[in-house]
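Q: I am new to this structure and would like to go through it step by step. Could we look at it together?

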Amino acid sequence: MATASEYMVLSSVLFAVGFVGFTLRRNILVMFMSAELMLNSANLNLIAYSTEWGNPTGQTFALFVIAVAAAEAAVGLAILMLLFRARATVSAADWRRLKG
Amino acid sequence: MQIPPIDFTAVYPEVIVALVGLLVLAVDIFIKPQRKTSLSAIALVGLVLAFLTTMLIWDRNETAFSGMVAVDSYAQFFKLIFIFSAALTVLISPRYLSLNNISVGEYLELVLFCTVGMMVMASANDLVTIYIGLELMAISIYLMAGFQRDNPRSCEASMKYFLLGSFASALLLYGMSFFYGITGTTSLQGFTLSPNSNIIDSEVMTRLPLVLMTVGFAFKIAAVPFHMWTPDVYEGAPTPLTAFMSVGPKVAAFAVIMRVYMKTFGALVPDWVQMFTLLSILTMIYGNVVAVAQKSMKRMLAYSSIAHAGYLLIGIVSAGTATEMTGGKAMSATFASESMMSVMVYLFAYMFMNLGTFAVVISLGRADNPRDSLADYAGLAKRRPLTALLMTILLLSLMGFPGTFGFIGKFYIFKAAIVTGNLTLAVVGVLMSVVAAFYYVRVVLYMYMREPEGEVLAEGDAISSTMYAIVVTTMFTLLFGVAPGFIIDMARYTIERMLA
């Protein structure tokens, strides 16, 4: 069985992939997926620590996070649809209306 | 297993606002389109009820829901700010909504849900509660920012806020997961510097949750360098919502910051004081200097709201420095609570003056033209003398002119910085207030001294709910500017009980 520190290494790798993906990619869908990856790395941490500490708080927290992430995904994709209808592209590089 | 008893009276204000939000949504389906204004009335009645219940539980000092929710007057103080800002937002919205064909029902419902989220944040006593409140607030705002569906700017603002917001909350959550790893609990009381676990034990690891959570919160208060979403989102979003989100989320994030950093991260004060000092200086300088170059009122107010976050951070830094001061425990406790009191008073003042200023911006807008560029304010004093006068008072208050509420806030912030020895921050703050005076007074000069270019629209000080909101905010700005004792005593009382 893997120890908590091994899970921590895995979660840091996931987090790093998400972070780099979010900052470097310009496709909104990919940016969104990267943010979800970061959330899931936090979930992995919470669950690993929960086992290590022997209390269920971390697992409960992770359940809440999953529920919130689902709500966020629904809202995010709705906004993406809205933007796509106006623009017919999902690339953030094409945003010129607002100065940035 | 026994389920602990649930004390619903502890969260009555939240429950009422949430139920009224659902009620508005339900009534919206059955009501005739021409009678939609009654929805605003329902929302206002609900907010008044929430105000009364908040006062009812004002004096309680305990935790509820197995320690997840703190029921103390500190939380109630912030709930009052949120209820006021939601009520003022309901007042300033109808004109803008009808001009831009935005559905009233869904809009009000989201404003109310967002208020619930902020109230949950203010009374959170656990990381889970903070996270849920924060997301409820943020998701409502993502949606509201994109409410003008046919306007590409609004969609873009919504998307931008959504992406950066979810990025920020991912960082925050990752920090929270390490908090849990170190302490084995998510309760705010649980953090200790010497980790008693064999999972993580190094100097660096105990700072990791602190750094990550600070970055997450810095996004929410729009502190430089985590501000890049602010001007664009403020400009693209519907104006009443811009007013709402320049106040609500910022106040909520400060409520959480003060509770978490003073109570939970009390052992890490030197670390977070350094971080907040840096953030504060950068925020004040950047916000004020860039605001000078803006031609659009909405963008100018966006940058000015960034700058205000910088002033507020001075108060947080002073509170942190005070706890480390040598010279007796009693003295450092007094200075710490005085510094936090200054932040709370400033937040109260900021709510009135910022919402009022945005209300003026809304009242000038027209269906075909938002009329929010600086040139549109030329000669306003002749066309709409009352609006121009009230706008002048609000701008002077934002600037920190003596006799207004804004001055009281700034005065106590700078005083706290000086007595706790943060002279650099106080000097930068005062210098930047001078820069700020330039761009606030410029608007006043435009209103009174300049002749408007092009054709002049015949308009007067129309009586509308937006006008009521402007008058109310200006009155409070002046009232508390002359007699601030009530608010100061209230803030002092709550903070002393929270720190005790």
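Q: To start with one residue, does Ser93(B) count as buried or exposed?
A: This is a predicted model. In it, Ser93(B) counts as buried, because its relative accessibility is 1%, and buried means under 20%.

Q: Where does Ser93(B) lie?
A: Ser93(B) is part of helix α3 of chain B.

Q: And what does Ser93(B) touch, not counting residues up to four places away in sequence?
A: With those residues set aside, Ser93(B) touches Tyr107(B) and Pro240(B).

Q: Let us step back. How is chain B divided?
A: Chain B has a domain 1, covering 1–256, and a domain 2, covering 265–500. Taken over C-alpha atoms, the centres of these two domains are separated by 21 Å.

Q: How many residues of each domain take part in the contact?
A: Domain 1 of chain B gives 55 residues and domain 2 of chain B gives 51 residues. Between them the two domains bury about 4,800 Å², with 77% of that on carbon and sulfur atoms.

Q: How many salt bridges are found across the interface of the two domains?
A: The rule finds 4 salt bridges between domain 1 and domain 2 of chain B. A salt bridge in chain B that can be looked up by name joins the side chains of Asp59(B) and Arg497(B), at 3.1 Å from N to O.

Q: Which helices supply the domain 1 side?
A: In chain B, α3 (73–99), α7 (203–221), α8 and α9 (239–264) each supply at least two residues of the side of domain 1 that touches domain 2. The largest share, 16 residues, comes from α3(B). By class, that side divides into 36 nonpolar, 11 polar and 8 charged residues.

Q: You mentioned α9. What about Lys263(B), buried or partly exposed?
A: Lys263(B), which is found in helix α9 of chain B, counts as partly exposed because its relative accessibility is 36%.

Q: Which residues is Lys263(B) in contact with, leaving aside neighbours within four places in sequence?
A: They are Gln189(B), Met258(B), Met498(B), Leu499(B) and Ala500(B). For Met498(B), the backbone oxygen lies 2.9 Å from a polar atom of the Lys263(B) side chain. Ala500(B) is 237 residues from Lys263(B) in sequence, and their C-alpha atoms are 9.8 Å apart in space.

Q: Changing topic, what is the secondary structure of chain A?
A: Chain A comes to 3 helices and 0 strands, in the pattern α-α-α along the sequence. Of its 100 residues, 42% count as buried.

Q: How many residues of chain B and chain A are in contact?
A: There are 47 residues of chain B in contact with 43 residues of chain A. The two chains bury about 4,200 Å² between them, 78% of it on carbon and sulfur atoms.

Q: Which residues of chain B lose the most area to chain A?
A: Glu156(B), Tyr174(B) and Tyr180(B) do, and together they account for 17% of what the chain B side buries.

Q: How many salt bridges and polar contacts are there between the chains?
A: The count of salt bridges between chain B and chain A is 0, while 6 residue pairs, both at pLDDT 80 or more, are in polar contact across that interface.

Q: And which helices of chain B supply the side that touches chain A?
A: In chain B, α5 (127–145), α6 (152–183) and α8 (230–236) each supply at least two residues of that side. The largest share, 25 residues, comes from α6(B). By class, the side of chain B that touches chain A has 26 nonpolar, 13 polar and 8 charged residues.

Conventions: Residues numbered from 1 in each chain as written. Chains lettered and ligands numbered in written order. Predicted model: local features only at pLDDT ≥ 70, side-chain atom pairs only at ≥ 80, totals over all residues. Heavy atoms only, no water. Contact = heavy atoms within 4.5 Å. Buried area = accessible area lost by both parts, 1.4 Å probe. Polar contact = N/O pair within 3.5 Å; in protein donor to acceptor, adjacent residues only side chain to side chain. Helix = DSSP H or I, 4+ residues; strand = E, 2+ residues; numbered from the N terminus. Nonpolar A, V, L, I, M, F, W, Y, C, P; charged D, E, K, R; others polar. Domains from an automatic or database assignment. Buried < 20%, exposed > 50% of the residue type's maximum accessible area, 1.4 Å probe, protein only.
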